[in-house]
Amino acid sequence: MFLEFKKSMMKEFDMSDLGRMCYFLGIEVKQTSNGIFIGQKKYAQEILERFQMFDCNPFHNPIVPGFKLTKDFGGERIDSTYYKQIVGSLMYLSATRPDMMYVISLLSRFMEAPTILHFQAAKRVLRYLKGTTDFGVLYKRGKSRGLVGYSDSDFAGDLDDRKSTSGQVFMLSSEAISWSSKKQQVVTLSTTEAEFIAAASCACQAVWLRRLLEELRYAQQSPTLIHCDNISTIKLSRNPVLHGRSKHIDIRFHFLRDLTKEGVVELIHCQSQDQIADILTKPLKLETFEKLRGLLGVCSSYDVN
């Protein structure tokens with residue numbers, strides 16, 4: 001079928017067969033006997049050259065652990081167009097760098113009126129990129145694990161409006177295939193509510209991924225497991241009885257309950273130190289950051305044989 005398709009395309013258009021894909025839309029693909037590696041080394045180097053950071057000193061993490069970035073009303077303003085160019089360039093890089101997803105999402109909140117403080121935070125990300133230009137995601141061969149999700153939130157993490165940050169990541173064969181870090185649209189009144197909203201959003205993504213996998217002839221026969229480190233959220237997804245902690249949660253988030261009841265998703269508890277989505281919600285200590293980065297499947301292209 002592939003040969004017939006290629007022949008018909010070559011008759012219609014002036015084209016040639018380049019064999020196995022190795023470069024597509026700025027994404028480099030390395031296929032070996034151990035698996036498939038995707039990265040954006042060339043694009044990362046272009047970013048560093050464009051913003052005069054190619055010869056900078058590298059950092060081991062993209063943001064200072066525990067650092068809270070705010071609007072900084074009294075700070076010295078910088079050129080917002082230049083700042084937007086940095087953030088915009090980094091956004092496309094997040095297609096193969098889930099370890100940078102949180103900090104890129106954080107920087108994008110201040111594009112309207114950036115100051116020196118925000119610019120310094122962006123430069124630190126570029127310094128981290130300098131030391132990890134060859135990093136990407138390795139999808140190892142031989143694993144046959146089903147779709148698994150991780151959901152987490154950083155309760156009231158934004159000091160400006162006290163909104164929480166939701167983080168979610170989906171793994172297929174123990175490597176990340178979908179990830180997201182996003183500030184929640186409402187102010188939550190408890191950690192349970194923040195975690196429940198994050199889990200509901202994660203469940204919606206799980207439904208979409210299950211349908212996509214079904215189209216690819218890889219239908220999931222069992223419920224998609226979503227790991228959550230908040231026991232109250234797990235109980236709330238199974239128990240329809242409302243109480244003081246949950247009566248203020250918006251009705252639309254109870255969609256999660258229906259999915260749990262129908263066997264589409266199932267929330268299970270995991271320890272906080274094993275919560276992979278934690279890397280998508282807050283700045284972490286270097287040791288924890290590197291551990292979770294490895295669990296995402298992010299590694300150097302030089303580690304691929």
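Which residues line the second largest pocket?

**View 1. The second largest pocket and its lining in the predicted model.** The lining of the second largest pocket is made up of Phe2, Phe5, Lys6, Met9, Met10, Met15, Ser16, Asp17, Leu18 and Gly19, and the space that lies within this pocket comes to about 240 Å³.

**View 2. Helix α5 and the elements against which its buried residues pack.** Helix α5 runs over residues 116–131, a stretch of 16 residues, and its first and last C-alpha atoms lie 23 Å apart, which is close to the 22 Å expected at 1.5 Å a residue. The buried residues of α5 are His118, Ala121, Ala122, Arg124, Val125, Leu126, Tyr128 and Leu129, and the buried residues of this helix pack against α2 (41–50), α3 (80–93), α4 (101–107) and α9 (286–295). An α-helix has 3.6 residues a turn, so residues three or four places apart point the same way.

**View 3. The open sheet of five strands.** The strands follow one another in the order β1-β2-β3-β4-β10, and their pairing is antiparallel. Because β1 (23–24) and β10 (298–300) stand at the edges with a single partner strand each, one side of each is left without a neighbour in the sheet.

**View 4. The pairing of β4 with β10.** Strand β4, which covers residues 135–140, pairs with β10 in the antiparallel sense over three bridges, and here Val137 stands opposite Val298 in β10.

Terms used:
Residues numbered from 1 in each chain as written. Predicted model: local features only at pLDDT ≥ 70, side-chain atom pairs only at ≥ 80, totals over all residues. Heavy atoms only, no water. 1 Å grid on protein atoms, 1.4 Å probe; cavity = no way out; pocket = protein on both sides within 12 Å on 5 of 7 lines; lining within 4 Å. Points joined across faces, edges and corners; volume = space filled by probe spheres on them. Helix = DSSP H or I, 4+ residues; strand = E, 2+ residues; numbered from the N terminus. Expected span 1.5 Å × (residues − 1). Buried < 20%, exposed > 50% of the residue type's maximum accessible area, 1.4 Å probe, protein only. Contact = heavy atoms within 4.5 Å. Pairing = 2+ DSSP bridges.
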